[in-house]
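Me: I have a model open and I'd like to learn how to read it feature by feature. Could you walk me through it?

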Amino acid sequence: MGTQASAKVIPMLDKQTDPEPAYVQVKVSPVQPPGAPAPGAAEYPVPEPEPIPTVSLTRVFLDLLGYVTRERIITAALACLSIGALFLFWYLGTKYKFEFYIRFKNVPTPYEVYTQLTQVGLSNKYLVNIAISVRRILVGFMIATIIGVPLGLTIGKYQRVRDFFMPVIEILRPIPAIAWVPMSIMLWPNNEASIVFITFIGAFFPILLNTIHGVHSLDGVLLRAARCLGASEIRLFMNVILPGSLPHIFTGLAVGMGVAWVSLIAAEMISGQFGVGYFTWEAYSLVDYPAIVLGMITIGVLGLACSGIIRMVGVLLMPWLAFAPGGKR
């Protein structure tokens, strides 16, 4: 059997004219095996059904184990050691009532702060204060980022824009955010808007100045090469200036987030009615020392979480930094 048709010769006799037998070719089609395509038809492979993906706990565990390297273990151990040393110093100072330059006489112990946390940690008032502070910090920080990054890129790129904006920026920049509290109360119609404005002021200048510095730090060869290749101004910004300035931009975002938290807490202590800063100041007014320390720890944890999120986003947007000098490959 084959894939091509074969010819078979069959003799035929013509009794009237020719005593010799005549031969006629008859085309015989071969027998096709089961499942084979018809002769002359296009042969297409039959797709096999895709296997159903399965989730293996062993595979997941091995993938997670792949992220655990010696460097990460050392980093986590040093972080735990640092935080543990701080709490140990706090515990010893409150237990033995240190009186050497600093006084631990009225400072609550770690256990008292933990007891305070168990009492108010799940209360509606405490959680509402945290939610309001987080909302304020996000709104003010996002406004500062949306305005500060494009303005910094423009000021860093164009000399005339820099000549126009930098004198005003240099006049306003040294004014601390706390000094803006009375003015913001007069400018804005309610306390909520004034507190968000204070948060914006705290984050805006670090973001702006670091973005300008990022543009100035770009290698001029990259800009000239992009122009020689015919890049337009928009492509120059999107493909050269912005990626090259991202490390400095994220440095400004991290610094701005820290200053924004400082400004927010101060504004909430002075003119706020809700928030973690108001919670801490109210505890001081009521001479509730464990609540004061709890508010301080809450501020520190929230600030650490916000800075950690910024660093994670920076790592995702700048994977090439892992191959830079000092980067973790």
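Me: What percentage of the residues of the chain count as buried?

Reply: Before that, a word on the ground rules. This is a predicted model, so local features need pLDDT of at least 70 and side-chain atom pairs count only at pLDDT 80 or more, while totals for chains, interfaces and linings use all residues. Residues are numbered from 1 along each chain as its sequence is written, and side-chain values use heavy atoms, with hydrogens and water left out. Now burial: buried means under 20% relative accessible area, exposed over 50%, and partly exposed in between, with a 1.4 Å probe and protein chains only. Of the 329 residues here, 31% count as buried.

Me: And how many helices and strands are there in the chain?

Reply: Helices (H or I, at least four residues) and strands (E, at least two) are DSSP runs, numbered from the N terminus. The chain has 11 helices and 4 strands.

Me: How do I read the contacts in the chain by sequence separation?

Reply: Contact means heavy atoms within 4.5 Å. Take the contacts with a separation of 6 or more: residues 24 or more positions apart account for 63% of them.

Me: Okay, salt bridges. How many does the structure hold?

Reply: The general idea is that side chains of opposite charge can pair when their charged atoms come close. The cut-off used is a side-chain nitrogen of Lys or Arg within 4 Å of a carboxyl oxygen of Asp or Glu. By that rule the structure holds 7 salt bridges. One of them pairs Glu 192 with Arg 136, with the closest N and O atoms 2.9 Å apart.

Me: Which parts does the pair of Glu 192 and Arg 136 tie together?

Reply: Glu 192 sits in helix H7 (residues 191-216) and Arg 136 in helix H4 (residues 124-157), so the pair links parts that are 56 residues apart in sequence. As for accessibility, Glu 192 is partly exposed at 27%, whereas Arg 136 is buried at 4%.

Me: Where do Asp 163 and Arg 160 lie?

Reply: Both are in helix H5 (residues 159-172), 3 residues apart, which is about one turn of the helix. Asp 163 is partly exposed, with 39% relative accessibility, and Arg 160 is exposed, with 68%.

Me: What about Glu 170 and Arg 173: what do their side chains meet in?

Reply: A salt bridge again, at 2.9 Å from N to O. Glu 170 is partly exposed at 35%, and Arg 173 is partly exposed at 36%. Elsewhere, salt bridges that share partners join Arg 135, Arg 136, Glu 192 and Glu 268 into one network.

Me: Next, helix packing. At what angle do H4 and H11 pack?

Reply: Axes are lines fitted to C-alpha atoms, for helices over the stretch in contact, and angles run from 0 to 180 degrees between N-to-C directions. H4 and helix H11 (residues 289-317) pack at about 40 degrees, with their axes 12 Å apart. Angles under 35 degrees count as roughly parallel, over 145 as roughly antiparallel, 65 to 115 as roughly perpendicular and the rest as oblique. H4 and H11 are therefore oblique to each other.

Me: Which residues make the contact of H4 and H11?

Reply: H4 brings Tyr 126, Ile 130, Val 134 and Phe 141, and H11 brings Leu 294, Thr 298, Leu 302 and Ile 310. To sort them by class, Ala, Val, Leu, Ile, Met, Phe, Trp, Tyr, Cys and Pro count as nonpolar, Asp, Glu, Lys and Arg as charged, and the others, Gly among them, as polar.

Me: How do the axes of H7 and H9 cross?

Reply: The axes of H7 and helix H9 (residues 233-271) come within 7 Å and cross at roughly 155 degrees, so the two helices are roughly antiparallel. Their contact has 14 nonpolar, 14 polar and 1 charged residues.

Me: Is Ser 194 buried or exposed?

Reply: Ser 194, in helix H7, is buried, with a relative accessible area of 1%. Leaving out residues up to four places away in sequence, Ser 194 touches Ser 184, Ile 185 and Trp 188.

Me: Last one: which loop holds Lys 97?

Reply: The one between helix H2 (70-96) and strand S3 (99-100). Lys 97 has a positive phi of about 55 degrees although it is not a glycine. Val 287, in the loop between helix H10 (276-285) and H11, also has a positive phi of about 55 degrees without being a glycine. Lys 97 is partly exposed at 39%, and Val 287 is exposed at 52%.
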